[in-house]
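I opened the model today with my notebook beside me. Here is what I looked up, entry by entry.

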Amino acid sequence: MSLAGWALILVFIAILLLLAKPMGAWMFALYEGRRTPLHPLLGPVETGFYRLSGVDPAAEQDWRRYAVHMILFNLGLLLLTYLILRTQAWLPFNPRGLPNVAPDLAFNTAVSFTTNTNWQSYAGEATMSQLSQMVALTVHNFTSAATGIALAFALFRGFARREAAIIGNFWADVTRITLYLLLPLSVLFAVFLIANGVPQTLAGSVDATTVEGARQSIALGPVASQEAIKLLGTNGGGFFNANSAHPFENPNALTNLFQMLSIFLIAVGLTWTFGKAVGNPRQGWAILAAMLILFLVGTSVVYWQEAAGNPVLHGLGIPGGNMEGKEVRFGIAGSALYAAVTTAASCGAVNAMHDSFTALGGMVPLINMQLGEVVVGGVGAGVYGFLLFAILAVFVAGLMVGRSPEYVGKKIEAREVKLAVLAIAVLPLVILGFTALSAVLPAGLAGPLNKGPHGFSEILYAFTSGVANNGSAFAGLTAATPWYDGLLGVAMWIGRFFVIIPMLAIAGSLAAKKYVPAGAGSFPTTGPLWIGLLVGIVLIVGGLTFLPSLALGPIADHLAMIRGQLF
Amino acid sequence: MKQDILTGLRPALMTGLLFALLLGLAYPFALLGVGQAIFPHQANGSLVVERGRIVGSELIGQAFAADRYFHGRPSAAGKGYDGLASSGSNLGPTSRVLADRVKADVAALGTGQVPADLATASGSGLDPDISPAAADWQVDRIAKARGIEPAAVRRIIASETRGPVLGFIGDARVNVLALNRRLDGQRSD
């Protein structure tokens, strides 16, 4: 570990803290449906969209209609993506003449991008035409992100409103979030990326004759436009197979820093928006503090382990940190931080191959996802996931002192706690169930590249990543098979929508409740005691379930690694 | 429920379609215009052109095997530095395949402590850089093959070394293609 490495990590966090309020305030305006400075420019587009879609943005919906419309919207786009992938050979903008995508892979990819997972069973440059990259994939990067933020808004309204039946209009939310937040940020970021060397062209590839006279074909494409929203929307689906490790996606250390900031930017801002929405920004800061404590601990472990390196390689005469699967321009610190960021958020972009991390260095990303990606989290999904844990935390606190629990002025009752537990229990059930199946059936065992405990880690990582809607991988796993494409597709769908529906039901039930002013006996949900309780609940409820599986995978792998045992 | 579905069909179809047009076509094409107009070099892949011939990209590593050139890192992209098949090795820390590969590379590189990046595969398989230490490691071989002073090779490394941004963002690095073009006299300071 070096001073420069720690400086990078701390400066990264400091910049985010500075951006939390301005970002949160901007999104609060969208949450309220207020005018922004961009309205003179984009207002006509917004009203045009409403008119053509037959939407009255002022007609708010109850939680059921909000949920149904959200699912219809996502199903429609899922279908569009599937159709484009299945027919890309006959469509324009296919300069390298790539064939249609196979049915199981097209299904997996369509689900993957709809659920904001962006798990990639395919290699981008070898599979997707430019049209598929732009229309089938980039569009989802926007819409799945906008959907996540809209859902967070709906839950905020549940907490903020009193005796109300309605929690917002889904169409107004997604349209405003896309037009006034995601699109302008993406344009700015994409221009910055192009200036730094990220290609933006329709050409498929260029042929070079290298200095030594060999032929090298280099894949190109409209990379910058996809890259920008891939990070801002915590999507993570790379244009190229190597994702943000590819120099055309992430050309230098500065773009690397901006990519990491982009991944956290919106999620961090949303904690402030939440505080503001419930009338006390300190509620938002408390959540952010708990998130950042968990984040800093995880990041320190990855950095420490990667900088310490692999004893097996040390024995072969390679000293120092673990550089297998990492790029020189980012170094150990820039790769370790990226790995922690991308799995803490539900991004899944990678700038180094997590499969080649040291055993414990690779376990932290796994744990980040298993906690439900609530350590900062994906856009929208992070904060609503964390609020589910907050509901459990006040419930536990209530049990301890024998008082009925309240949170930000709402009584938390049996219905909310049951729904929160339902949403939280989906994760371990599907991750562990599907991993267990794949670890015993031949179709599953055919997947891993690595042998021994690391092979098990590859399977566990895949389902964790899928259910948590992350999308990063221990990429040695051969996932483009009907078994993994199918099972992961189902896992991603469950992981997204089986959390969302109970969460929206909570929003509806909270909105209907009366406001309970905080009294002398109320448990304060802003101070250090609360932050400590939150961290504890996330670790115990979210994490403990996975301990046995971690012992079989990364922990066994670590013990083998320090003894120099190979597989 | 039925009413919820019926009222959602038209907006789902139309908003989906409008978003596809705006975000899938208008947005990337607008950036295409900006990129090609203001940053044509970068937007087209930062290509290195020599006497009208494309030699490669500044940002994409390429394979070097001759003693007279600096070598990049081991690559898992296709058969090595395949610009159409970026990939890491994805070998885990306890992989025998990884240990055997590193053992063979270290044996080929010579005795002593090999700089880590020189015997490990990058994440992309297209890493254009090596660390200054890894460049320094190769000085004697290159000087001998070219019949020049090692000091001259070291001067080139020094002038091509790029430090971390602001002293702490990223690691020090040298671009292998840039180094080799300097060696061939194709590029001056």
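This is a predicted model: local features need pLDDT of at least 70, side-chain atom pairs count only at pLDDT 80 or more; totals for chains, interfaces and linings use all residues.

**Entry 1, B:Arg51.** I began with B:Arg51, which is exposed because 6 other C-beta atoms lie within 10 Å. My cut-offs: a residue is buried with 20 or more other C-beta atoms within 10 Å of its own, exposed with 12 or fewer, and partly exposed in between, with C-beta atoms placed from the backbone. B:Arg51 sits in the loop between strand E1 (47-50) and E2 of chain B. Helices (H or I, at least four residues) and strands (E, at least two) are DSSP runs, numbered from the N terminus. I also noted that B:Arg51 has a positive phi of about 45 degrees although it is not a glycine. For background, most residues other than glycine have a negative phi.

Residues are numbered from 1 along each chain as its sequence is written, while chains are lettered from A and ligands numbered from 1 in the order in which they are written.

I then turned to a residue of chain A with a positive phi, A:Val376, where the angle is about 75 degrees although the residue is not a glycine. A:Val376 belongs to the loop between helix H13 (359-370) and helix H14 (381-401) of chain A. Is A:Val376 buried or exposed? It counts as buried, because it has 29 C-beta neighbours inside 10 Å.

**Entry 4, chain B as a whole.** I counted up the elements of chain B and found seven helices and four strands. From the N terminus on, they run α-α-β-β-α-β-α-α-α-β-α. The radius of gyration of chain B is 23 Å, well over the 16 Å that the globule rule gives for 189 residues, so chain B is more spread out than a compact globule. That radius is taken over C-alpha atoms, and the globule rule is 2.2 Å times the number of residues to the power 0.38. Along the principal axes, the C-alpha atoms of chain B fill a box of roughly 80 × 45 × 35 Å. Chain B is divided into domain 1 (2-43) and domain 2 (62-183), with bounds from an automatic or database domain assignment. The centres of domain 1 and domain 2 of chain B, taken over C-alpha atoms, are separated by 42 Å. Buried residues make up 51% of the 189 residues in chain B.

Chain A has 20 helices and four strands. How does its radius of gyration fit a compact globule, and what is the value? A compact globule of 567 residues would have one near 24 Å, and chain A has 23 Å, which agrees. Its C-alpha atoms fill a box of roughly 75 × 55 × 45 Å along the principal axes. Of the 567 residues in chain A, 64% are buried.

I found 90 residues of chain B in contact with 107 residues of chain A; contact means that the C-beta atoms of two residues, placed from the backbone, lie within 7 Å. On the side of chain B that touches chain A, H1(B) gives the largest share, 23 residues. That side has 48 nonpolar, 31 polar and 11 charged residues. The classes: Ala, Val, Leu, Ile, Met, Phe, Trp, Tyr, Cys and Pro count as nonpolar, Asp, Glu, Lys and Arg as charged, and the others, Gly among them, as polar.

A:Pro247 is in the loop between helix H8 (223-232) and helix H9 (253-277) of chain A. It counts as buried, with 28 C-beta neighbours inside 10 Å. Leaving aside neighbours within four places in sequence, A:Pro247 is in contact with B:Leu59, B:Ile60, B:Ser124, B:Leu126 and B:Pro128.

A:Met561 lies in helix H20 (residues 547-563) of chain A and is buried, with 22 other C-beta atoms within 10 Å. Not counting residues up to four places away in sequence, the residues that A:Met561 touches include A:Asn310, B:Pro93 and B:Thr94. A:Met561 and A:Asn310 are 251 residues apart in sequence, yet 7.3 Å apart in space, C-alpha to C-alpha.
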